[in-house]
Structures are given as C-alpha cells and as structure tokens.
Amino acid sequence: MNEPRFNRLGVIGVGLIGASFALAFRERKLCKEIWGYSLSGNSAIKASELGIIDRKIDTIKEIGEGCDIIVVSTPVLTIPDILRELSLYVSKDTIVTDGGSVKNFVINAEKFFKYKNYVGAHPIAGTEKSGPEAGFSSLFDGSLCIVVETKNTSKKYLKRVVQIWESVGMTVEITSPETHDEIMAYVSHMPHTISFSLAFSVKDKLYNGKKLIKYAGGGFRDFTRIAKSDARMWTDIFLSNKGNVLKAIDDFQKSLEELKKMIENSSESDIFKFLDSSKRALLER
Ligand code: NAI
C-alpha cells in the first residue's frame with residue numbers, strides 16, 4: 001500500500017470522527033500539521049487543548065486555501081453547504097473527502113468542485129459517543145469504509161481517496177451513493193430507529209414508583225446502547241435517507257407483526273423456527 005504524505009490536514013467538524021481521523025493521521029505521521037474548524041468553535045478549542053489539532057481555524061476559506069487534504073465530518077445535513085463553500089477555495093492539489101453516514105448528496109456535491117477533487121466516503125466505524133474527547137486513533141482499524149463513485153467521479157481522485165481511508169487502517173469498498181444508502185438503511189439506520197423507539201416507549205413507565213428502566217439488565221442495555229447516540233446526528237441521518245429508512249421500517253414492522261401473531265396464537269414451532277432462523281442468519285454472516 002502506498003501511504004500518502006501530506007503537508008497539512010484540515011478537519012471540518014472536530015467531533016468523534018474528525019478527531020479520530022486527525023489522531024490516526026498524526027500517529028501514522030501522514031501529515032506535518034493539522035488544522036481544525038468547527039461551527040461552535042468549542043469542539044475545535046477542546047481539540048486544540050487535547051493536542052488533537054495544532055491550530056483552531058475560524059473560517060472554511062482558511063482551511064480550503066491552507067490544507068492539501070480536507071475531511072468534512074459534520075452532521076449530514078450540513079455537509080453539502082460546507083462542501084459548496086469549500087469548493088470556492090481549494091486548488092487542484094487539495095483532496096477533499098467526507099465521513100457522512102448518508103451519501104445521496106454526493107452526486108450534487110461533486111459538481112461544486114471544478115477539479116473533481118472531492119470524493120465522498122463513509123467510514124463504518126463509530127461509537128455512541130460524540131465530541132473530540134471521544135476520538136481515538138484506532139477507531140478505523142480493521143473496519144470497512146465505503147467510498148462512493150458516481151458517473152462524474154474522477155478516477156484519479158477516487159484512487160487517492162481510497163488510499164487515504166486505507167492509510168487510517170480501513171478496508172475500502174466502492175459503491176454508488178444509491179446502493180450505499182439502501183444498505184445502510186437496513187443495517188445501520190433502522191437499528192437506530194428501533195433502539196430509540198424502544199427507549200422512548202419505556203422511558204416514562206413506572207413500577208412501584210420507580211422508573212421501570214432501573215430494572216433493565218444486559219439485554220436492554222445492549223439493545224439501547226446506540227440510542228445514547230447524538231440526537232442531532234441521527235435526526236439528520238433519518239431525514240436525509242428518508243425513503244430508504246421508511247422502507248426498512250416497513251419491513252421490520254412486518255417481521256414484528258409476524259412474530260406478534262405467532263405469540264398470540266401460541267404457535268410454539270413457528271416461534272422457534274422464526275427465532276432459530278434469525279439466529280442462524282447472524283451466526284453465518
Ligand atoms: P460529533 O457530534 O462528534 O461531531 C460533529 C462536529 O461537527 C462537532 O465538532 C460540531 O461542532 C461540528 N459541526 C456541526 N455543525 C457544523 C457546521 N455547520 N460547520 C462546522 N462544524 C460543524 O459527530 P460525529 O459522530 O463525529 O459525526 C460526524 C459525521 O460522521 C456525521 O456526518 C456522521 O453521520 C458521520 N459518522 C458518524 C459515525 C458515528 O458512529 N458517530 C460513524 C460514521 C460516520
């Protein structure tokens with residue numbers, strides 16, 4: 001693998017993903033300096049105090065003009081506007097990518113860049129935590145990154161962006177934005193809708209004056225860990241992948257309805273088959 005070497009990395013949105021990317025780059029000595037920009041400024045200040053970035057930057061213009069590799073890692077609905085602004089300032093020697101969890105905006109966003117030097121990506125690695133203090137250098141190690149290709153994507157920059165995500169420890173697969181968003185609706189976005197809904201459905205229930213949630217054990221904890229994720233980030237994801245998420249929820253509701261009927265009818269063998277085939281599918285994946 002040819003590891004790219006850069007002069008200056010610019011991170012726009014220094015939260016979990018941006019900070020982890022910066023830390024992975026620094027650890028592997030892939031650039032000389034790291035600049036960070038965040039809307040509120042607070043997370044960039046924090047990232048600077050923690051030594052994750054070398055300098056807090058106050059404008060997208062400065063990042064665009066001063067960096068040769070830029071990663072945008074802000075909530076999904078904010079990414080297109082940031083890319084549009086960034087495209088005004090980057091030269092052909094700068095490579096731009098992003099880590100957003102939904103990719104349908106890429107088709108338009110690519111058109112902002114006259115040198116075609118933006119290529120979208122989604123590192124499938126994360127936690128329910130957010131902010132720069134949650135970042136760690138090994139977050140991406142051994143995980144899959146989807147890099148998206150459209151009919152307008154430049155092969156030259158696609159190759160560079162693949163190398164960049166590989167250089168922070170990821171295995172890369174290339175798909176279209178449409179395929180990415182359909183798949184993610186089922187394996188990432190729908191589980192979050194269910195986890196948040198489960199937590200919502202029991203949050204106010206009381207038992208003997210105590211919160212029912214206090215009695216929850218490992219199963220409930222495992223299932224709702226992801227509902228501790230950032231509300232802003234997931235609001236953006238559900239809305240930006242609306243059609244696919246609604247379809248995945250419909251499919252899930254059908255399965256739940258099926259199981260409900262089997263329980264209503266006390267159909268022991270059907271329930272067993274349902275549970276066993278689900279378990280097998282997970283073990284065989
Ligand atoms: P985070 O909440 O930890 O960090 C987001 C950062 O963006 C914060 O520093 C915030 O100040 C900044 N920000 C918000 N709006 C901004 C704007 N308009 N301009 C500049 N900065 C802005 O979020 P996290 O988890 O790092 O997610 C970032 C992106 O990565 C999202 O698009 C998310 O979908 C994606 N992603 C998240 C994963 C996860 O497990 N957390 C996994 C893979 C991708």
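Reply: Start with burial: a residue is buried under 20% relative accessible area, exposed over 50%, and partly exposed in between, using a 1.4 Å probe and protein chains only. Take Arg280: it counts as partly exposed because its relative accessibility is 46%. The model is predicted, so local features need pLDDT of at least 70 and side-chain atom pairs need 80 or more, while totals for chains, interfaces and linings use all residues. Numbering runs from 1 along each chain as its sequence is written, and side-chain values use heavy atoms, without hydrogens or water.

Me: Which backbone atoms lie 2.8 Å from an oxygen atom of the ligand?

Reply: Look for polar contacts: N or O pairs within 3.5 Å; within protein, one atom must be able to donate a hydrogen and the other to accept it, and sequence neighbours count only through side-chain atoms on both sides. A polar backbone atom of Ile17 is 2.8 Å from a ligand oxygen. A backbone N or O atom of Gly131 also lies 2.8 Å from an oxygen atom of the ligand. For Val14, the backbone distance to a ligand oxygen is 3.5 Å. Alone, the ligand exposes 830 Å², and the protein buries 87% of that.

Me: Back to Thr74. Where is Thr74 found?

Reply: In the loop between strand E4 (69–72) and H4. Thr74 counts as buried because its relative accessibility is 17%. Its side chain makes a polar contact with the side chain of Thr78, at 2.7 Å.

Me: And the loop between E6 and strand E7. Is Lys129 buried or exposed?

Reply: Lys129 is found in that loop. Lys129 is exposed, because its relative accessible area is 52%. In sequence Lys129 is 114 residues from Gly15, yet their C-alpha atoms are 9.3 Å apart. Glu128 sits in the loop between E6 and E7 (144–148) as well. Glu128 counts as buried, because its relative accessibility is 17%. The Glu128 side chain makes a polar contact with the Arg225 side chain at 2.7 Å.

Me: How many salt bridges does the count come to?

Reply: A salt bridge is a side-chain nitrogen of Lys or Arg within 4 Å of a carboxyl oxygen of Asp or Glu. By this rule the count is 15. Arg55 and Glu62 form one of them, at 2.9 Å from N to O. Arg55 is partly exposed because its relative accessibility is 36%. Glu62 is partly exposed because its value is 31%.

Lys56 pairs with Asp58, with the closest N and O atoms 2.5 Å apart. Lys56 is partly exposed, at 28%. Asp58 is exposed, at 54%.

Asp276 and Arg280 also meet in a salt bridge, at 2.9 Å. Both lie in helix H11 (residues 268–283), 4 residues apart, about one turn of the helix.

Me: Which residues are linked in a network of salt bridges?

Reply: Lys247, Asp251 and Lys254.

Me: Which residue has a positive phi of about 55° although it is not a glycine?

Reply: Lys29. Lys29 sits in the loop between H1 and strand E2 (31–37). Lys29 is exposed, because its relative accessible area is 66%. Ser266, also not a glycine, has a positive phi of about 50°. Ser266 lies in the loop between helix H10 (242–264) and H11. Ser266 is exposed, because its relative accessible area is 62%.

Definitions and conventions:
Accessible areas come from the Shrake-Rupley method with a 1.4 Å probe; for residues, only the protein chains shown count as cover. Helices (H or I, at least four residues) and strands (E, at least two) are DSSP runs, numbered from the N terminus.
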